[in-house]
Amino acid sequence: MLELLRQPWHWSVAGLIIGLTVPTLLILGNKRFGISSSLRHVCAACFPANIPFFKYDWKKEIWNLFFVIGIFLGGLIAHLFLQNPEPVQVSESTSQILAGYGINDFSQLMPIEIFNWENLFTLKSLIFFVLGGFLVGFGTRYAGGCTSGHSIMGLSNLQLSSLIATISFLVGGFISANLLLPLIFKFL
Amino acid sequence: MKNTAIEELIDTDIRHSDTVCTNESALQHPWWYNFKYMIGGIVLGIVFVKAEIISWFRIQEMFHLTSFHMYGVIGTAVVVGLCAVQLIKKLNIKSIYGEKIMIPPNQFNKGQIYGGLIFGLGWAITGACPGPLFAQLGNGFGIISVTLLSAIAGTWVYGKFRNKLPH
């Protein structure tokens with residue numbers, strides 16, 4: 001059984017469980033599925049700085065912070081007990097593109113050529129961690145939600161605004177992966 | 001903080017602005033009731049890792065259109081979520097505390113386009129949307145703490161300049 005769990009899970013299993021999170025949160029306590037808001041609650045709790053957008057009773061949304069701490073712990077549990085010893089299977093054409101970027105190590109879920117502490121004070125870090133993180137935090141809040149809030153919760157509730165947001169996420173991602181990243185790697 | 005009805009209304013209004021996921025419950029429970037959401041998060045975190053949703057490689061494949069995996073994950077989740085929400089509405093299912101389940105609609109504004117594009121750019125660079133960031137950190141990629149802090153900074157800067165941005 002443990003062997004089976006250690007292998008990469010099929011997309012339908014993941015989709016089913018993520019989809020079921022929506023009714024679970026609603027039935028457990030009238031909570032709508034979403035994750036990026038946790039970043040806002042951290043701002044409201046730690047650095048409100050008298051900004052109106054952060055002047056709300058964040059304790060009412062503390063469930064969301066418990067939820068993301070749970071996601072962190074889930075990642076830790078998978079790391080400790082369910083690691084897949086095999087390298088990530090990356091499709092032929094994408095691995096060729098990545099080889100062009102100088103990324104050849106598929107042994108972990110993230111390319112360790114980029115995602116390691118040695119890169120902290122380099123240009124790579126500035127782009128992949130600082131700029132990338134900033135765009136995610138700024139963009140999700142500007143859009144009013146992320147993949148979970150808009151693409152899953154919002155689409156589940158047939159919200160047109162969430163469909164527009166989801167299409168925008170994808171357009172941004174296509175531009176970034178196909179135009180921006182090749183440029184970035186050219187100069188790194 | 002004791003609120004009058006008007007202050008309560010203003011607070012709810014700010015909490016709901018630019019946010020999909022909100023607490024719609026009027027009930028007040030002791031803080032440890034929130035542990036059930038942590039358990040939900042743990043399950044989700046394990047799925048994020050085991051289905052390789054946290055993988056930077058899978059995100060590149062998704063945007064190179066060289067793998068169906070991520071589309072399968074999101075598509076299945078939407079279909080399951082959609083069926084569940086419709087069932088909750090049709091059958092008028094209540095929460096476990098007997099509350100009516102509330103799913104208020106979102107309002108469209110141009111922020112969903114501008115912000116969505118900006119988030120998309122970041123998604124392909126970091127290889128993660130906000131949920132997987134927490135799971136990546138748990139999965140032993142300590143460097144993601146820098147990404148996460150930067151994402152918090154991005155959220156803060158948005159809040160600071162929100163009034164000056166087109167919506």
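Analyst: Two residues are in contact when heavy atoms lie within 4.5 Å. By that rule, the contact takes 135 residues from chain A and 128 residues from chain B. This is a predicted model, where local features need pLDDT of at least 70, side-chain atom pairs count only at pLDDT 80 or more, and totals for chains, interfaces and linings use all residues. Residues are numbered from 1 along each chain as its sequence is written, chains are lettered from A and ligands numbered from 1 in the order in which they are written, and side-chain values use heavy atoms, with hydrogens and water left out.

User: What makes up the area buried between chain A and chain B?

Analyst: Buried area is the accessible area (1.4 Å probe) that two parts lose on being put together, summed over both. Here the area is about 11,700 Å², and carbon and sulfur atoms give 73% of it.

User: Why is the meeting of Lys60(A) and Asp11(B) called a salt bridge?

Analyst: The term asks for a side-chain nitrogen of Lys or Arg within 4 Å of a carboxyl oxygen of Asp or Glu. The N to O distance between the side chains of Lys60(A) and Asp11(B) is 3.5 Å, so the pair qualifies. The count between chain A and chain B is four salt bridges.

User: What makes helix H3 of chain B largely enclosed by the rest of the structure?

Analyst: A helix is a DSSP run (H or I, at least four residues), numbered from the N terminus, and buried means under 20% relative accessible area (1.4 Å probe, protein chains only), with exposed over 50% and partly exposed in between. Nine of the nine residues of H3(B), residues 56-64, are buried, so the helix is largely enclosed. Among them are Trp56(B), Arg58(B) and His64(B). The buried residues pack against H5, H6 and H8 of chain A, together with H4 and H5 of chain B.

Definitions and conventions:
Helix = DSSP H or I, 4+ residues; strand = E, 2+ residues; numbered from the N terminus.
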